[in-house]
Protein chains: 2
Amino acid sequence: MADKTIILYDFPSKNGSWNAFVIRIRLALKYKGLPFKTVWIEYPDVESTLKAAGIPPTAQWPDSGKPSYTLPAIVDPSTGAALADSLVIAEYLDKAYPDKPLLMPSSTKALQLAFEQAVLSSIGPMFFQFILIKLCDVVNPASEEYFRRSRVSLFGKSVEDLVPKGESAKEEWKKLEAGFGKIAGWMKEDKFVMGDTVSFADFVIGGWIITSKIAWGEDSQEWKDIAEWHDGRWSKLVKNLEPYYSK
Amino acid sequence: MADKTIILYDFPSKNGSWNAFVIRIRLALKYKGLPFKTVWIEYPDVESTLKAAGIPPTAQWPDSGKPSYTLPAIVDPSTGAALADSLVIAEYLDKAYPDKPLLMPSSTKALQLAFEQAVLSSIGPMFFQFILIKLCDVVNPASEEYFRRSRVSLFGKSVEDLVPKGESAKEEWKKLEAGFGKIAGWMKEDKFVMGDTVSFADFVIGGWIITSKIAWGEDSQEWKDIAEWHDGRWSKLVKNLEPYYSK
């Protein structure tokens with residue numbers, strides 16, 4: 001019998017999976033109960049590996065305009081699907097496996113996709129400037145130079161220059177807290193974004209939180225801050241998502 | 001019998017209601033089938049009128065830090081509720097009138113609130129720079145000076161200086177189209193954000209579109225552009241929302 005295990009392409013580190021966007025799909029696959037195996041790829045090998053697997057690019061490099069190949073990406077031997085982009089993959093998994101728990105429950109698909117944008121716009125700009133330099137230490141040495149160089153292309157600055165300094169650092173950290181505060185305001189007392197029902201929206205937030213914990217480390221002041229913000233709901237969310245998470 | 005009609009505070013113009021945020025609530029009240037009457041207020045009178053009605057401020061002025069009173073605002077004589085902010089009002093209406101059609105159907109509340117942010121971040125920055133100067137001609141003369149002055153406080157520039165010029169105007173207009181394209185990408189072939197079900201998310205988009213039509217005028221190139229973008233879906237949406245709209 002042919003192997004029907006889904007292949008998930010992911011970035012390695014000494015602590016396993018760490019990328020917020022890939023973690024979404026890792027959570028999604030386990031939540032849907034779909035067996036998968038990980039193929040670990042260093043940054044410089046993403047393009048050639050994905051091309052060889054027939055997975056299309058998802059974007060263009062801002063400087064050169066050339067196609068950009070990104071993770072997460074999957075190959076599903078059951079259907080022949082070969083896809084990248086966490087939102088595209090999530091939609092595919094619900095369509096291909098509608099009898100498994102839905103990532104985007106009936107009639108919330110557009111709302112779920114928009115949620116990703118809502119979260120990105122609320123915390124992304126603050127997050128990236130602080131976390132990218134930390135992620136240089138998370139990725140393997142084989143990826144670091146590529147990671148640094150491509151961040152300059154994507155963000156227009158070196159990861160060092162992106163980090164806010166002095167008073168600005170305090171202000172930007174407060175803005176990050178306020179960004180998470182917006183999300184807390186939407187969720188109110190609910191455990192998950194849709195109340196008691198887990199959905200892709202939780203994996204979007206969960207991805208960011210798990211990446212934070214890995215990037216700063218459990219003993220850092222940064223992680224302690226994030227874990228305490230808004231009555232500790234972000235660390236609780238990660239705990240609530242544990243049944244669906246494996247590195 | 002005491003009058004139970006909800007009072008909606010709105011900004012007048014020679015074309016009636018025009019403000020995207022108030023239009024959301026106008027649509028919401030009619031969708032829920034709740035009788036309401038409009039109290040029209042010019043900008044300089046908002047603070048004193050809302051204070052007198054016991055409606056709290058919703059924000060702070062960025063320059064002075066003083067409390068800022070905004071529309072939409074409602075007073076509901078049935079419950080004594082006196083509220084401002086379109087999201088707060090929408091949540092209140094579902095809570096107070098759960099037997100009427102829900103604006104935020106069960107378990108989508110957080111997703112609906114986030115949708116507002118997703119739309120704002122996708123089109124807001126481009127929209128405001130083009131539309132504010134047009135709105136100076138929409139508001140009544142009694143409001144214009146206040147409107148212009150307070151936009152400087154909110155956006156840090158005069159409405160004239162906000163408008164992109166020359167090549168930049170073309171680029172920014174294309175960015176606005178791309179912002180709407182994101183929303184179209186979330187909705188795909190669906191008529192409403194939640195498929196066949198109308199929800200508050202549609203009123204958020206609808207508010208922006210109705211304001212555009214009023215600000216630029218039906219014969220303008222700007223409105224023709226917006227009405228044609230993405231297979232004409234935005235003008236169709238306004239048409240589909242007509243049963244819930246009255247000036």
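User: Leaving aside neighbours within four places in sequence, which residues is A:S86 in contact with?
Analyst: This is a predicted model, in which local features need pLDDT of at least 70, side-chain atom pairs count only at pLDDT 80 or more, and totals for chains, interfaces and linings use all residues. Residues are numbered from 1 along each chain as its sequence is written, chains are lettered from A and ligands numbered from 1 in the order in which they are written, and side-chain values use heavy atoms, with hydrogens and water left out. A:S86 sits in helix 3 of chain A; helices (H or I, at least four residues) and strands (E, at least two) are DSSP runs, numbered from the N terminus. With contact meaning heavy atoms within 4.5 Å, and with neighbours within four places in sequence set aside, the partners of A:S86 are A:F21, A:R24, A:I25, A:P72 and A:F200.

User: Is A:S86 buried or exposed?
Analyst: Buried means under 20% relative accessible area, exposed over 50%, and partly exposed in between (1.4 Å probe, protein chains only). A:S86 has a relative accessible area of 4%, so this residue counts as buried.

User: Which side chain does A:S86 join in a polar contact of 2.9 Å?
Analyst: A polar contact is a pair of N or O atoms within 3.5 Å; within protein, one must be able to donate a hydrogen and the other to accept it, and residues adjacent in sequence count only if both atoms are side-chain atoms. At 2.9 Å, the side chain of A:S86 is joined to that of A:R24.

User: What is the phi of A:D85?
Analyst: Most residues other than glycine have a negative phi. A:D85 is in the loop between strand 6 (81–84) and helix 3 (86–96) of chain A, and is partly exposed at 27% relative accessibility. Although A:D85 is not a glycine, its phi is positive, at about 90 degrees.

User: What is the omega of the peptide bond between A:L71 and A:P72?
Analyst: Most peptide bonds are trans. A:P72 lies in the loop between strand 4 (67–68) and strand 5 (73–76) of chain A. The bond joining A:L71 and A:P72 is cis, with omega about 10 degrees.

User: And what is omega for B:L71 and B:P72?
Analyst: B:P72 is placed in the loop between strand 4 (67–68) and strand 5 (73–76) of chain B. The peptide bond from B:L71 to B:P72 is cis, and omega is about 5 degrees.

User: How far from B:E42 is the nearest side chain of opposite charge?
Analyst: B:E42 lies in the loop between strand 2 (36–40) and helix 2 (46–52) of chain B. Lys and Arg count as positive and Asp and Glu as negative, while His and the chain ends are not counted; a salt bridge is a side-chain nitrogen of Lys or Arg within 4 Å of a carboxyl oxygen of Asp or Glu. B:E42 is buried and has no salt bridge, and the nearest side chain of opposite charge, B:R151, is at a distance of 12 Å.

User: Which side chain does B:E42 join in a polar contact of 2.5 Å?
Analyst: One polar contact, of 2.8 Å, joins the side chains of B:E42 and B:N140. The polar contact of 2.5 Å joins the side chain of B:E42 to that of B:S143.

User: How many residues apart in sequence are the parts that A:K37 and A:D3 tie together?
Analyst: The side chains of A:K37 and A:D3 form a salt bridge, 3.7 Å from N to O. A:K37 belongs to strand 2 (residues 36–40) of chain A and A:D3 to the segment before strand 1 (6–10), so the separation of the parts in sequence is 34 residues.

User: What separates A:R149 and A:E145 along helix 5?
Analyst: A:R149 and A:E145 form a salt bridge with their closest N and O atoms 3.0 Å apart. A:R149 is partly exposed at 47% relative accessibility, and A:E145 is exposed at 52%. Because they are 4 residues apart in helix 5 (residues 141–155) of chain A, the separation is about one helical turn.

User: By what turn can chain B be laid on chain A?
Analyst: Two copies of a chain are related by a rotation about an axis and a shift along it. Copies are superposed by least squares on the C-alpha atoms of residues with pLDDT of at least 70 in both. Chain B is laid on chain A with an RMSD of 0.0 Å and a shift of 0.0 Å along the axis, by a turn of 180 degrees. That is the relation of a two-fold axis.
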